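Have the predicted model open as you read.

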Amino acid sequence: MHPVVRVKPRVTVVSHPMVLEQLTLARDKRTSQVAFRKAIYRLGRLMAYEFLRTLETEESEVETPLGLTRGGKVKGNDKIVIILVLRAAIPFVEGMYKNFPMARTGVISAWRGGAPDFPIEVTYAKIPQIKKDDVVVIADPMLATGHTLLEVARRVGKQGKPKRLAFFSVIATMTGINYVAKAFPRAEFYTCAVDPGLDEHGYIVPGLGDAGDRSFGTPR
Ligand code: URA
């Protein structure tokens with residue numbers, strides 16, 4: 001008999017008041033396409049800002065016009081690799097660059113089919129080599145069923161094992177987090193909200209709708 005593996009996922013809900021404000025704007029069905037995209041951009045920027053707290057800092061000394069004092073800088077900002085999941089993560093990642101200016105970036109298109117299997121079709125993937133001291137951030141605004149992110153993480157894993165693996169989403173569900181965490185128990189999940197459920201199409205409820213469509217328009 002196989003032992004039952006229980007995983008307690010490492011989830012951080014980023015709860016800054018500005019995050020709440022932008023998330024509320026993004027959720028609001030009356031928000032225009034442009035305003036929605038800006039809100040996702042700002043959420044990417046704020047999440048990256050908060051994430052920087054988890055990196056080490058390096059002390060230094062600095063001379064001001066009036067004397068010497070202690071200073072410092074973030075260590076490891078050049079080790080960040082962002083994986084952008086097309087297309088909804090485009091504004092999200094654009095915001096992240098404000099605080100991860102040196103990030104290397106992989107791009108992957110992952111199309112999720114329908115319930116109940118939610119098959120994932122990957123038609124494009126350009127992922128950089130991952131080194132053992134890298135911090136990989138997989139960015140997708142909606143962590144719904146977890147099928148897309150699991151497939152993306154598996155493909156990233158083929159390029160090397162990073163020091164840290166983090167999933168950034170605007171909204172997640174515990175169903176999706178648990179699904180991914182089972183395969184990647186050391187992974188960290190950063191999100192602005194954990195919503196209660198999914199509908200029969202795998203959309204997050206209440207969520208914010210289709211993040212790609214709301215940023216870029218609905219394809220015919
Ligand atoms: N993708 C979205 O854009 N929204 C959801 O709610 C789920 C997946």
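Find phenylalanine 92. Setting aside its neighbours within four places in sequence, Phe92 is in contact with Ile40, Leu43, Gly44 and Met47, among others. Its contacts also include Ala139, Asp140 and Pro141. Phe168, Ser169 and Val170 complete the list.

Now widen the view to the core. The largest nonpolar core holds 39 residues. Phe92 is one of the five that touch the most other members, along with Phe51, Met96, Phe100 and Phe168. Which elements give two or more residues to this core? Three are helices: α1 (17–27), α2 (33–51) and α3 (89–96). The others are the strands β4, β7 (135–139), β9 (164–173) and β10 (188–195). The top contributor is α2, with eight residues. A second core stands separate, with 24 residues. Val81, Ile83, Val180 and Phe184 are among them.

Next, turn to the open space. The largest pocket has a volume of about 750 Å³. It is lined by 32 residues, and those closest to its centre are Ala110, Trp111, Arg112, Tyr203 and Asp210. Several elements give two or more residues to the lining. The strands are β4 (80–86), β5 (104–112), β6 (120–126) and β8 (142–143). The helices are α4 (147–157) and α6 (211–216). Strand β5 supplies the largest share, four residues.

Terms used: Residues are numbered from 1 along each chain as its sequence is written. This is a predicted model: local features need pLDDT of at least 70, side-chain atom pairs count only at pLDDT 80 or more; totals for chains, interfaces and linings use all residues. Side-chain values use heavy atoms; hydrogens and water are left out. On a 1 Å grid over the protein atoms alone, a cavity is a set of points where a 1.4 Å probe fits but cannot get out, and a pocket is an open set with protein on both sides within 12 Å along at least five of seven lines; lining residues have an atom within 4 Å of a point. Grid points are joined across faces, edges and corners, and a volume is the space filled by probe spheres set on the points. A nonpolar core is a set of buried Ala, Val, Leu, Ile, Met, Phe, Trp, Tyr and Cys residues joined through side-chain atoms within 4.5 Å. Buried means under 20% relative accessible area, exposed over 50%, partly exposed in between (1.4 Å probe, protein chains only). Contact means heavy atoms within 4.5 Å.
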